[in-house]
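Visitor: I am new to this structure. Could you show me how to read its pockets, its cavity and a helix?

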Amino acid sequence: MEKRLIYMDNAATSFPKADGVVQACTYYLTQAGVNVARGGYSLAYEVGENVFQGRKKTAEMFGVKDPHRVIFTAGATTAINMMIKGLLRAGDKVLVSSLEHNAVMRPLNQIKADFYRVKSDGRGVFDFLDFKAHLKGAKAVVLTHASNVCGTIQPIEEVASQAKKEGVFVCIDAAQTAGVEKIDFDCSGFDALAFSAHKGLMAAPGLGCLLLSERLAETLDPLISGGTGSVSDTEEIPPFLPDKFESGTPNLSGIYALNAALEFVSKNPVKDKIMNDTAFLIDGLSSLDGLRLVGLETTEGRTGVVSVDFKEKDNADAAYFLESEFGIMTRCGMHCAPSAHKTLGTFPQGTVRFSSGFFTTKEELETVLFAVGEFLK
């Protein structure tokens with residue numbers, strides 16, 4: 001078969017981006033280009049209106065009643081650091097899953113939180129009874145919505161409902177699900193939800209969001225402080241949202257791009273497309289001898305991440321073969337989630353991860369299955 005470039009690493013970042021994203025970035029950089037809340041002229045007001053529209057559209061998509069509780073950040077990792085380091089202190093009891101990304105675990109280790117990993121089985125299924133048994137006395141639950149290794153979705157609504165009975169803050173890492181899975185922030189009772197713009201939302205890198213509940217917004221200490229363009233007659237941090245958490249110049253070209261991406265995602269069947277691709281990959285890969293599908297055996301309860309472990313061959317060799325011989329780009333290794341691999345039985349060898357996107361074609365998926373079959377011969 002003729003070699004062509006096939007991108008299967010959308011769980012790391014989407015490519016190509018949503019229609020309109022490049023044009024929106026270009027428009028800001030070439031036509032708008034000024035700062036927000038720093039100038040009393042019409043172009044600054046235009047940029048400010050675009051930022052507000054991005055906040056408003058994000059709030060509408062994720063079920064946040066007040067757009068001011070949508071905080072723009074430099075990415076999901078920044079947002080997670082803001083919610084962990086602004087809320088928790090050394091010794092605070094925190095519950096996490098055994099599937100967490102290092103974006104959660106490294107900040108918790110850095111502040112010396114007293115965290116407990118709630119058990120999951122070898123498919124990544126969350127042990128709700130273990131969670132309930134260890135909830136008392138916790139200050140927060142920090143939980144991934146879906147594993148970036150195996151794609152298993154965690155029961156975040158049920159966790160939030162139980163945690164609220166104990167007055168525990170609920171913070172969700174939605175890096176793998178935002179833009180694909182439906183999330184109703186206020187109705188679900190979450191206190192914080194972090195995600196990036198460049199994955200499921202198919203916008204530009206360098207932008208993320210932190211959604212906050214009213215009670216956490218009041219409690220949370222800002223991680224970064226500085227100029228906001230508001231209440232400039234005082235050296236104190238503004239107490240109101242979003243300024244309390246948005247010091248400095250935001251990623252304005254990224255926000256313009258986000259507006260375009262939100263428009264695209266809201267009008268297209270993103271989840272249906274990705275889950276159809278995922279079903280095709282699961283069926284095809286499961287039929288091949290010599291590899292193990294990691295995680296759930298069907299698309300029920302999972303998102304569009306498909307990891308495999310080659311039983312008698314090196315996973316890195318597989319990834320190299322797929323790229324060098326067929327132009328297939330995958331993600332091989334630990335995926336910044338060592339505890340997840342220990343849970344799933346793929347530590348230390350890791351896995352080869354396939355993640356399709358909205359623009360992945362059926363022909364490309366067929367090539368993936370053919371190429372894996374060729375490597376296994």
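Visitor: How many nonpolar, polar and charged residues are in the lining of the largest pocket?

Guide: This is a predicted model. The lining of its largest pocket has 16 nonpolar, 11 polar and 4 charged residues. The volume of this pocket is about 570 Å³. It has 31 lining residues, and F72, E246, S247, G248 and P250 are the closest to the centre.

Visitor: Which elements give two or more residues to that lining?

Guide: They are α2 (42–62), β2 (70–73) and α3 (76–87). Helix α2 gives the most, with 6 residues.

Visitor: Now the largest cavity. Where does it lie?

Guide: A cavity is space where a probe fits but cannot get out. Here the count is 1 cavity of 30 Å³ or more. The largest cavity holds about 210 Å³ of space. Domain 1 (6–17 + 269–376) and domain 2 (21–267) both give residues to its lining, so it lies between them.

Visitor: Which residues lie nearest the centre of the largest cavity?

Guide: N10, V180, G200, I274 and S356, out of 21 lining residues. By class, the lining has 11 nonpolar, 9 polar and 1 charged.

Visitor: I274 is also in α10. Which residues of α10 are buried?

Guide: In an α-helix, residues three or four places apart point the same way, because there are 3.6 residues a turn. In α10, the buried ones are V270, K273, I274, M275, D277, T278, L281, I282, G284 and L285. They pack against α9 (252–267), β9 (291–294), β10 (306–310), β13 (351–354) and α13 (362–376).

Visitor: What should the 17 residues of α10 span?

Guide: At 1.5 Å a residue, helix α10 (residues 270–286) should span 24 Å. Its end C-alpha atoms are 24 Å apart, which agrees.

Key
Residues numbered from 1 in each chain as written. Predicted model: local features only at pLDDT ≥ 70, side-chain atom pairs only at ≥ 80, totals over all residues. Heavy atoms only, no water. Helix = DSSP H or I, 4+ residues; strand = E, 2+ residues; numbered from the N terminus. Expected span 1.5 Å × (residues − 1). Buried < 20%, exposed > 50% of the residue type's maximum accessible area, 1.4 Å probe, protein only. Contact = heavy atoms within 4.5 Å. 1 Å grid on protein atoms, 1.4 Å probe; cavity = no way out; pocket = protein on both sides within 12 Å on 5 of 7 lines; lining within 4 Å. Points joined across faces, edges and corners; volume = space filled by probe spheres on them. Nonpolar A, V, L, I, M, F, W, Y, C, P; charged D, E, K, R; others polar. Domains from an automatic or database assignment.
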